[in-house]
Amino acid sequence: MFSVTPVNHQFDGEIQQKIDCKTKPLGALGRLEPLALQVAQVLGATCPTIKQPKLLVFAGDHGIASAGVSIAPSEVTTQMVLNFLHGGAAINVFCAQAGFEMEVIDCGIAHPVTGHEALIDQRLGAGTRAFHLEAAMSASSVEQGFAMAKARVALHHDNGTNLIAFGEMGIGNTSSAAAIMAALLPVDVAACVGRGTGIDSETLQRKQALITQALQLHQGQLNTPQQILAALGGFEIVQMTGAMLAAAELKMLILVDGFIATAAALLAVTIAPAARDYMIFAHQSDEAGHQLMLQHLQAEPLLQLEMRLGEGTGAALALPLVRAAAAFYNEMASLQDVGIAI
């Protein structure tokens, strides 16, 4: 369904020389410099410009939530979707500040929202099944979710967007992301599972036990990313994975948020390794396991603010840094321009 090609490295030397010859000591802009290199690799060496950035928030419910792995019931997913639509969430505030246009997509929340034209309907069901007892969804749901996400990203690309980010909402989705991580990486479940919304130690132990049970239940059916998504995933994680692959196929910059979005990125890179070239990692979440995923992806996040909210909040906060990297690359004078010899 996706054909992702690596970025073109033909002009890397030219791009790096342009960065090095700005009116500054070599490397003085720190990590903004490799960020500028990546932006220019993806968007073009001449004058890379961020155009109509979009942040898509995918929402879906999880059957595992009924087993008591979160401090909140599934109804909170619907309540937060309404909050997004009314502009009252952290992600609304940060998107408005950063210049991100935000879109909310119902991938399959348990209690649908009606009467809101701004809500995009890409429902795959009324929440997934409890993955510690049975597969979270069918293989056809994974393929359908990929197709829906691909079409949505293509629409934004056709309208001029060249940078896209993804947030999520779904009670129980840190359990799904942790299970996906444990299925993909050679690490213990305990290293993958964190406190999510702020659960106590007893609930944390239950969460670890249920994920271990799920991995044992689906043993032998976790050989591909698609199988892992069907067994352990969430409808919003399926669509985030497909959206990242679609964006990479269209040579867009992908701004990756926190723990759950990085689980989707890990799946996307497993499916198409070249997708990694297009990914900028916004921040390191305070959720257990995120640092290990970032290390596996050889990713240095732009920010570390001890956040664990999700919604795409880290991506929204990182957008000004991406804009700054492009701006200095395009607008900052060179040593030659001002007659400085170093």
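Predicted model: local features only at pLDDT ≥ 70, side-chain atom pairs only at ≥ 80, totals over all residues.
Residues are numbered from 1 along each chain as its sequence is written, and side-chain values rest on heavy atoms, with hydrogens and water left out.

Let me start with the sheet, and with strand β2. Strand β2, residues 101-108, is mostly covered, since six of its eight residues are buried, where buried means under 20% relative accessible area, exposed over 50%, and partly exposed in between, with a 1.4 Å probe and protein chains only. On one side, β2 is joined to β1 by seven bridges, the two strands running parallel, and here K54 stands opposite E101 in β2. Two bridges also join β2 to strand β3, residues 120-121, again in parallel; D106 has D121 of β3 as its bridge partner, and I105 stands opposite I120 in β3.

In what order do the six strands of the open sheet lie? The order is β3-β2-β1-β4-β5-β6, with parallel pairing, and the edge strands, each of which pairs on one side only, are β3 and β6. Helix α10, residues 235-249, packs on this sheet and touches β1, β2, β4 (163-169), β5 and β6, while its direction makes about 175 degrees with that of β4. Touching, or contact, means heavy atoms within 4.5 Å; axes are lines fitted to C-alpha atoms, for helices over the stretch in contact, and angles run from 0 to 180 degrees between N-to-C directions.

Within the sheet, I would like to point to L56, which lies in strand β1, residues 54-60, and which is buried, with a relative accessible area of 0%. Leaving aside its neighbours within four places in sequence, L56 is in contact with E103, I105, R152, H156, I164, A165, F166 and G167. L56 and F146, which are 90 residues apart in sequence, are 15 Å apart in space, C-alpha to C-alpha.

Now back to α10. 14 of the 15 residues of α10 are buried, so the helix is largely enclosed by the rest of the structure. Its end C-alpha atoms are 21 Å apart, in agreement with the 21 Å that its 15 residues should span at 1.5 Å a residue, the expected span being 1.5 Å times one less than the number of residues.

The loop between α10 and β5 holds K251, which has a positive phi of about 60 degrees although it is not a glycine; as background, most residues other than glycine have a negative phi. K251 counts as partly exposed, at 39% relative accessibility. Q298, in the loop between α12 (290-296) and α13, is another residue other than glycine with a positive phi, near 55 degrees, and Q298 is exposed, with a relative accessible area of 72%.

My last topic is helix α2. The axes of α2, residues 32-43, and α13, residues 313-331, come within 9 Å and cross at roughly 80 degrees. That makes α2 roughly perpendicular to α13, on a scale where angles under 35 degrees count as roughly parallel, over 145 as roughly antiparallel, 65 to 115 as roughly perpendicular and the rest as oblique. In this contact, L32, E33, L35, A36, V39 and A40 of α2 meet L321, V322, A325, A326, F328 and Y329 of α13. By class, the contact of α2 with α13 has eleven nonpolar residues, no polar ones and one charged, with Ala, Val, Leu, Ile, Met, Phe, Trp, Tyr, Cys and Pro taken as nonpolar, Asp, Glu, Lys and Arg as charged, and the others, Gly among them, as polar.

Nine of the twelve residues of α2 are buried, so that helix is mostly covered, and its buried residues pack against α1 (12-20), β5 (253-256), β6 (279-281) and α13. From first C-alpha to last, α2 reaches 16 Å, close to the 16 Å expected at 1.5 Å a residue, and just after α2, G44 takes a positive phi of about 115 degrees.

Key. Helix = DSSP H or I, 4+ residues; strand = E, 2+ residues; numbered from the N terminus. Pairing = 2+ DSSP bridges.
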